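Have the sequence and the coordinates to hand as you read.

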Amino acid sequence: MNTANLQLEGLLTAVASINALLVDSGIVSRREMQQALERAQQGVNGEARGLSEANRKAMLFPIRLLLLANEDDLGRSRTFAEYAEAVGKSS
């Protein structure tokens, strides 16, 4: 596997954990986190108009993964592979 892919997997796993910490600490609500990620998704959809569908989906993948992580119940966490599979099934 490409090292850059492993780095992105690690980064996304870390961001998902930080997002959970922000919610668990009461700094932001789960709904506020969802809204922020949905705004990011809308921004990508607006910017990606000239891209192929595969490239657009690639840009949306990390946001969709973080949306799924945000939806998980408290105390539940999935592996990167589990999140990636769920994103793939939802696309």
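Is R78 buried, partly exposed or exposed? R78 is partly exposed, with a relative accessible area of 23%; here buried means under 20% relative accessible area, exposed over 50%, and partly exposed in between, using a 1.4 Å probe and protein chains only. Before going further, please note that this is a predicted model, in which local features need pLDDT of at least 70 and side-chain atom pairs count only at pLDDT 80 or more, while totals for chains, interfaces and linings use all residues. Residues are numbered from 1 along each chain as its sequence is written, and side-chain values use heavy atoms, with hydrogens and water left out.

R78 has a partner: its side chain meets that of D72 in a salt bridge of 3.0 Å, N to O. A salt bridge is a side-chain nitrogen of Lys or Arg within 4 Å of a carboxyl oxygen of Asp or Glu. D72, at a relative accessible area of 6%, is buried. Side chains of opposite charge can pair when their charged atoms come close.

The structure holds three salt bridges, so let's visit the others. One of them joins E85 and K89, again at 3.0 Å, N to O. Both residues lie in helix α4 (residues 80–90), four residues apart, about one turn of the helix. Helices, by the way, are DSSP runs (H or I, at least four residues), numbered from the N terminus. An α-helix has 3.6 residues a turn, so residues three or four places apart point the same way. E85 is partly exposed, with a relative accessible area of 48%, and K89 counts as exposed at 64%.

Another salt bridge links the side chains of R56 and E53, at 2.6 Å, N to O. These two residues are three apart in helix α3, and so are separated by about one helical turn. E53 is partly exposed at 43% relative accessible area, whereas R56 is buried at 18%. What else does R56 meet? Leaving aside its neighbours within four places in sequence, R56 is in contact (heavy atoms within 4.5 Å) with N45, A48, L51 and R64. With N45 there is also a polar contact of 2.8 Å between the side chains; such a contact is a pair of N or O atoms within 3.5 Å, where within protein one must be able to donate a hydrogen and the other to accept it, and residues adjacent in sequence count only if both atoms are side-chain atoms.

Now turn to helix α2 (residues 30–47). Its 18 residues, at 1.5 Å a residue, should span 26 Å, and its end C-alpha atoms are 26 Å apart, which agrees; the expected span is 1.5 Å times one less than the number of residues. Within α2, M33, L37 and V44 are buried. Seen down the helix axis, the buried residues of α2 fall within an arc of 25°, so they line one face; the arc is that of the directions from the axis to the C-beta atoms. They pack against α1 (3–24) and α3 (53–71), while R39 and Q42 are exposed on the other side of α2.

Of its 17 residues, L12, L37, I63, L65, L66, L68 and Y83 touch the most other members. Helices α1, α2, α3 and α4 each supply at least two residues of this core, and α3 gives the most, with seven.

How values were computed: A nonpolar core is a set of buried Ala, Val, Leu, Ile, Met, Phe, Trp, Tyr and Cys residues joined through side-chain atoms within 4.5 Å.
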